[in-house]
Amino acid sequence: MVSRYALNQIAAEFERVNYAGIDSSRCGCIMKTTYGLSCACELARYVVGSIPLDTVHMFWQRLSFSDQGLSEPKVYITEEMKDISKWFEDLDICGKVTLNSKLWEITYRDLNLRCAPPEKVKTKGAKKIDDQTRKMNET
């Protein structure tokens, strides 16, 4: 089983076989290095219609678009929370405040303590100096 996207990519690369042949310098082997799929020079070496499955990267073989037989994995954080609690107890007051603020940010990510500046700050352009002020500064 190989994903349809990977098969379409291999089919598009197969059209380049006439140009590249078995010369890897012409091919560039981009498909091999980027996607883990057979590139044009590699496809030229195979008998038409039989590409070995082991040349296709495992990622493209494990894709599945159905929910059959799959159940929701159970994820627990009890051990991690125990470790964080132990770590919290061992910290000094400064570390406790820092860790507490980080945990607060994670827990209440929808709340934002930061507020917008009271007025818009100009970030472009320098203050213009007229000719009279320039002459006074030169003297």
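Student: Let's start with Ala-6: does it count as buried or exposed?
Tutor: This is a predicted model, and in it Ala-6 counts as buried, because its relative accessibility is 0%, which falls under the 20% limit for that label.

Student: Where is Ala-6 found?
Tutor: Ala-6 is found in helix 1, the helix that covers residues 4–14.

Student: And what does Ala-6 touch, leaving out residues up to four places away in sequence?
Tutor: Once those residues are left out, Ala-6 touches Leu-37 and Trp-60.

Student: Which residues of helix 1 are buried?
Tutor: The buried residues of helix 1 are Ala-6, Gln-9, Ile-10 and Glu-13. They lie on the same side of helix 1, because they cover an arc of only 100° around its axis.

Student: What about the face turned away from that buried side, which exposed residues does it carry?
Tutor: That face of helix 1 carries Arg-4 and Asn-8, and both of these residues are exposed.

Student: Switching topic, how do helix 7 and helix 8 pack?
Tutor: Helix 7, residues 78–90, packs against helix 8, residues 93–107, at an angle of about 150°, and their axes are 9 Å apart. That angle makes helix 7 roughly antiparallel to helix 8, because angles over 145 degrees count as such. The crossing in which helix 7 passes helix 8 is left-handed.

Student: Which residues meet there?
Tutor: From helix 7 come Ile-84, Trp-87, Phe-88 and Glu-89, and these meet Lys-96, Leu-99 and Leu-103 in helix 8. Sorted by class, this contact has 5 nonpolar and 2 charged residues, and no polar ones.

Student: Zooming out, how many helices and strands are there in the protein?
Tutor: The protein has 9 helices and 0 strands.

Student: And what share of the protein is buried?
Tutor: Of the 139 residues in the protein, 16% are buried. As for contacts between residues at least 6 apart in sequence, 33% of them join residues at least 24 apart.

Technical notes:
Residues numbered from 1 in each chain as written. Predicted model: local features only at pLDDT ≥ 70, side-chain atom pairs only at ≥ 80, totals over all residues. Heavy atoms only, no water. Buried < 20%, exposed > 50% of the residue type's maximum accessible area, 1.4 Å probe, protein only. Helix = DSSP H or I, 4+ residues; strand = E, 2+ residues; numbered from the N terminus. Arc of directions from axis to C-beta. Axes fitted to C-alpha atoms, helices over the stretch in contact; angles between N-to-C directions. Parallel < 35°, antiparallel > 145°, perpendicular 65-115°, else oblique. Left-handed = near helix turned anticlockwise from the far one by under 90°. Contact = heavy atoms within 4.5 Å. Nonpolar A, V, L, I, M, F, W, Y, C, P; charged D, E, K, R; others polar.
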